[in-house]
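Q: I have a structure to go through and would like to ask about it piece by piece. Can we start with one loop?

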Amino acid sequence: MATLQLQNLQKRYDNGYLAIPGLDLEVADSEFLVLVGPSGCGKSTVLRMIAGLEDISDGDMLIDGVRVNEKGPQERDIAMVFQSYALYPNMTVADNIAFAMKLRKIDKAEIKRKVAETAELLELTPVLDRKPGQLSGGQRQRVAMGRAIVREPKLFLMDEPLSNLDAKLRVQTRAEISKLQRRLGVTTVYVTHDQVEAMTMGDRVCVLRLGQLMQVASPAELYGSPENLFVAQFIGSPSMNVVLGKVAAAQNGTITIDVAAHTLTLADAAAARLAGLADYVGRDIAVGIRPEALGGDGEGRLDVDVDLVEMLGSELLVHATIAAPAVRMTDTGVEVGTGSSTAIASLDPRESARAGERLTLAVDLNRLHAFDVESGEAIGR
Amino acid sequence: MNTADTATASPVGQLADPAVSTRPGFSTRVVRSLDGGVGKLAVWLLAALWTIPTLGLFISSIRPQQEIRTNGWWNWITDPSQTTFDNYRRVLDTRQNGRPLSHYFFNTIQIAIPGALIPIIIGAFAAYAFSWMHFKGRDTMFLFVLALLVVPLQMCLIPLLRFFTGPFYPDALQGIPMVWFAHSIFGMPICIFLLRNFIGSLPGEVIEAARVDGAGHLTIFTRLVLPLSVPALASLSIFQFLWVWNDLLVAKVFAGRQTNHPMTSAMLNMVGDRGQDWHLLTAGGFVMMIVPLIVFLSLQRYFVRGLLAGSVKG
């Protein structure tokens, strides 16, 4: 068990490409931190730097307050679960699990006891004598986990360990890993591109984009108070609807925003939360509305044309056209579309909606988000 | 992807569509016919053709000297009454430089086993380093090794001999060890090249997992890379062993005195100065073939796997 600190961590490849321009991050003892981001955002690079498999170009990395930049992977007392599991194909399951302990010259009886204990915990006892090639995907994944936990390392590093499992097994294993981590209390850094995994597993989630930290926060905070447009649209499924609006006025504690042909009037708590909008009077902003804040209860109103209705049982997803341009974050910055855009509303399944009809949906103004259209930063939260 | 997807996406699925012509192309028909009886017949025919010289050699070896010299070996088929093992008896009884043939047979074994193992062992270490260790000038060094592949062996005989007889080479290692070293030197580039291709294609995450588990390079090499490279090592062993076993030139140049020479050299002497005893060569050839045949048959299942390994992932 240990703490991990990354201070201005940088990675520049030999060809000059700066993959990580400078990352500051602290992981507390026993914490489960998830690194999430789209592919190519540098999350695996960060994990490999923590493991010692990738050189650190600049900055410091401290495990338990001790600088480990120059230490090799074998000296850092970490365990890693790879995406491909990376089991030793020539060894049995038992030997795979025992490998690291044998290298540390631990007493044979002790190794045997620990392997048996780990196998019991992960339900691997019947397959201990088999080679990895004879195991199913789920069993291989558990062997990889077993190999990591048996050593009781300071840090667990996991690089998309669930991506090779089928959907059902993934959900099941996700919960198992979370439970196991809580039980063992080992500080864990987990990399995934799947935001559902990130939200369900992490104590805190760190969102990366192009090697830069976008936000680190608890899943609830990340979802409820995104610091910028990227996080707002990356976290949540279906993702947040963001359209162009204009702040019409801000006076006497009331803020009015024009979206499409409608005016949203924010008062009291909603206005206080987005008080920063007072500086934007007469200017364009990006207005963010989560699907569940559209079509339920609320004072605001928006007209939409229904394109498609998806009945999911627990909710009714309505894909509709809204007469305002979309705003989204791209690799080059904030991009404002033209004309109308598609929004998704999550309605109560007892409601009815048909493709082709025009609906007036309620907007929950207390859950409205606003972003600067130049920088993409959140305005008030 | 499930199998249904694959089936509809594949050209086979399209061929089943009646709107599309169902007549397969010429090359497809050729390949299909090879799978059937015609192909099998052709393979049998080729195998038989290739075996005829060996069969001829064997039949010659069991015919009397007079017969061998006056008519072809196929006459034995109609008149097998003259079968004799005289040639074998003479080959095995011959003494050269006061030593029986078995002496030279063991010389060959003494040369061939280290001559095959040394370059493969050193080559495997080098291949690991070239694949998985990061050091300055690694690729340049590997290019130099590759360049050595094209240097003809004959060009190196004299410089190497001068080195072996020079002041830097210990006297204690004169004789057969010189043949080992020569074979090791000549065989090393191809060993390094082939093994690097194989070892370099092992999954990187497995090597990294071992590093994270606390293994150093030597442990990774001995506990993971070597066991995983058995197919490549086995097929390379066959090549190198056969090469050294059949070698005459290198042994003759480096082995020193006659009694150190291998069987190939003894065979040459057996034929006589003017080749007058060449009928003995038939029996001698068969005696020499026994060991390589055993080595090949015992390693052949690795041989095929080794050649394919690395070409296809997984």
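A: A:Lys105 lies in the loop between helix H2 (93-103) and helix H3 (108-121) of chain A. Helices (H or I, at least four residues) and strands (E, at least two) are DSSP runs, numbered from the N terminus. This is a predicted model, in which local features need pLDDT of at least 70, side-chain atom pairs count only at pLDDT 80 or more, and totals for chains, interfaces and linings use all residues. Residues are numbered from 1 along each chain as its sequence is written, while chains are lettered from A and ligands numbered from 1 in the order in which they are written.

Q: What is the phi of A:Lys105 near?

A: Phi of A:Lys105 is near 55°, a positive value in a residue other than glycine.

Q: And is A:Lys105 buried or exposed?

A: A:Lys105 counts as exposed because it has 8 C-beta neighbours inside 10 Å. A residue is buried if 20 or more other C-beta atoms lie within 10 Å of its own, exposed if 12 or fewer, and partly exposed in between, with C-beta atoms placed from the backbone.

Q: Where is the cis peptide bond?

A: The cis peptide bond joins A:Ser237 and A:Pro238, with omega about -5°. A:Pro238 sits in the loop between helix H8 (229-234) and E11 of chain A.

Q: What does E11 of chain A pair with in E14 of chain A, and how many bridges are there?

A: Strand E11 (residues 241-251) of chain A is joined by 6 bridges to strand E14 (residues 284-289) of chain A, and the two run antiparallel. In E14(A), A:Gly288 is the bridge partner of A:Val242. Two strands pair if DSSP finds at least two bridges between them.

Q: Which sheet is that?

A: An open sheet of 5 strands in chain A, in the order E13-E12-E11-E14-E21, with antiparallel pairing. Strand E13 (262-266) and strand E21 (368-372) of chain A are the edge strands, each pairing on one side only. From one strand to the next the twist averages 40°. For such angles, axes are lines fitted to C-alpha atoms, for helices over the stretch in contact, and angles run from 0 to 180 degrees between N-to-C directions.

Q: What about the open sheet of 6 strands in chain A, what is its order?

A: The order is E6-E7-E8-E3-E9-E10, and the pairing is mixed. Strand E6 (78-81) and strand E10 (212-217) of chain A stand at the edges with a single partner strand each, so one side of each has no neighbour in the sheet. The twist in this sheet averages 15° from one strand to the next. Within the sheet, 5 bridges join strand E3 (residues 32-36) of chain A to strand E8 (residues 187-192) of chain A, and these run parallel. A:Val36 stands opposite A:Thr192 in E8(A).

Q: OK, domains. Where does the assignment put them in chain A?

A: The domain assignment gives domain 1 (4-226) and domain 2 (234-372); the bounds come from an automatic or database domain assignment. Their centres, taken over C-alpha atoms, are separated by 38 Å. The contact takes 8 residues from domain 1 of chain A and 6 residues from domain 2 of chain A, where two residues are in contact if their C-beta atoms, placed from the backbone, lie within 7 Å.

Q: Now the other chain. How many residues does chain B give to the contact with chain A?

A: Chain B gives 15 residues and chain A gives 17 residues. Helix H12 (204-212) and helix H13 (217-228) of chain B are the elements that give two or more residues to the side of chain B that touches chain A. The largest share of that side, 6 residues, comes from H12(B).

Q: And how confident is the predictor in chain B?

A: Chain B averages a pLDDT of 84, and 89% of the residues score at least 70; pLDDT is the predictor's confidence in each residue, from 0 to 100. Over residues 1-20 of chain B the pLDDT is below 50. For the complex, the predictor gives an ipTM of 0.84 and a pTM of 0.80.
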